[in-house]
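This report goes through a few places in one protein chain. The sequence and the structure come first, and the notes follow.

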Amino acid sequence: MPKTQINCPNCRQPIVADIEQLFNVSEDPSAKQRLLSGAFNLAQCPHCGYQGNLATPIVYHDEEKELLLTFIPTEIGLPRDEQERMIGSLINRVIDRLPQEKRKGYLLQPKANLTMQSLVEAILGADGITPEMINAQQKRLELLQRMSTANDDDVRAELLKQDGDLVDADFFNLMTRLMETARMSGDQDSAASLEDLQTFLLENTEIGQEIQEQTEEVQAAVNSLREAGEELTRETLLDIIIDAPSDQRVEILVSLARPGMDYEFFRLLTDRIDRARGKGRKRLIEIRELLLEQTRRYDEEMEARVLQIRDLLDKLIKEENISEAAASVLPVVDEMFLRVLNEQIEAARKQGDIERSTQLQKVLEVIEEASSPPPEVALIEELLNAPDDRTLRQLLQERKEEITPEFLGVLSNLSLQMEQSEQNQEMAERLKSLNQQVRKFSMEINLRGD
């Protein structure tokens, strides 16, 4: 974004700000999230301290959804001909960047929006998210805030009576995201309140009990596969599936062990059906039909996901700044994304397409850099690996410049999280001990004035 000199909306003194008027999702995938989050055209005045969004004409373009939207804030008071000139210039920039065959009729009929809210709703509406859905999510958030601040279960129970219909799967997803955000920001009080609320809702709501049951089913399926260990063969996998107590367990096993359910696996199942009689035969036939349906659905979902990732990668490598574009999609990167990315890099190399493989490698480098532990975590791991207190003191002395207040905060938060999780008490004790020793060392340095 170009630096532009403007007058502060509050004190009218000249200031410099980043002004973005064209949000072209086809060229910059991060533009959509930037607009929806409100993190654009932010100004901070060094003279009067004003902070806020700057009012300016906006054009939003999404080629895939054939969406061209405009918005002109009324407070800027532009004459109509000036409005048309500015919007027309932005739309021409969109059209000029498209090849002739992609210049469709929707580009000649931009949809004007009278408010920023209607612009956001139009963007979300193209994703299938209606104003009603947005309103429902806002109500969930408000209920979540009221329930998390209530320190009495009777109060929470009363809130459930009033608005219990809002507590659904989306409510639990929202609560989980807020909990993760609180932990990452070091807000342990909020994280603890949300964890307490989660426990209450899991025990006292129908959807909560369903989630608990599903979680237990997943864990049971994982345990059954883990117990087989290295002896997990197609025959063993077939036995585990036949012994599964419910269709839900079978569905989970398919998602966990789909690669093992190949032609040979189904041949073994067919052999058992041929040898079985009576009710046992009928049950095996039902299991085969269920497996065929579940594996077909799973394969279709995975194929659609692979195509989606390939399409996204094609868009990323067309960006002028590949590294910046790759950073914008980090939230959707998972194991499958990495697998498809590596396959695409290998395929490009085999075809001799050096340019494509190099561009894809840039995407991979951004992901690897983002996934590497922060310096503070790397130092914590190094200190934890010290074989004795003497070595630890020596390491602390060598790295004392890195024992900053930020490092101490990260170490304290990590220690507290591990202690509250109750999953690995040994590690929790080691982190607690390390936290105490590092803080003691830090105090000694401060007293000595090193």
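A residue counts as buried when its relative accessible area is under 20%, as exposed when it is over 50%, and as partly exposed in between. The model described here is predicted.

E206 has a relative accessibility of 63%, so it counts as exposed. This residue belongs to helix α8, which covers residues 206–228.

G164 sits in the loop that joins α5 (153–163) to α6 (169–184). Its relative accessibility is 28%, and therefore G164 counts as partly exposed.

Along the sequence, G164 and E206 are 42 residues apart. In space, their C-alpha atoms are 10.0 Å apart.

P29 is in the loop between β3 (22–24) and α1 (30–37). With 23% relative accessibility, P29 counts as partly exposed.

P29 and G52 are 23 residues apart along the chain, and 24 Å separates their C-alpha atoms.

## Helix α19

Helix α19 runs over residues 425–448 and has 24 residues. From its first C-alpha to its last, α19 reaches 35 Å, which is close to the 34 Å expected at 1.5 Å a residue.

Which residues of α19 are buried? They are A428, L431, L434, N435, V438, F441, S442 and I445. An α-helix has 3.6 residues a turn, so residues three or four places apart point the same way.

How values were computed: Residues numbered from 1 in each chain as written. Predicted model: local features only at pLDDT ≥ 70, side-chain atom pairs only at ≥ 80, totals over all residues. Heavy atoms only, no water. Helix = DSSP H or I, 4+ residues; strand = E, 2+ residues; numbered from the N terminus. Buried < 20%, exposed > 50% of the residue type's maximum accessible area, 1.4 Å probe, protein only. Expected span 1.5 Å × (residues − 1).
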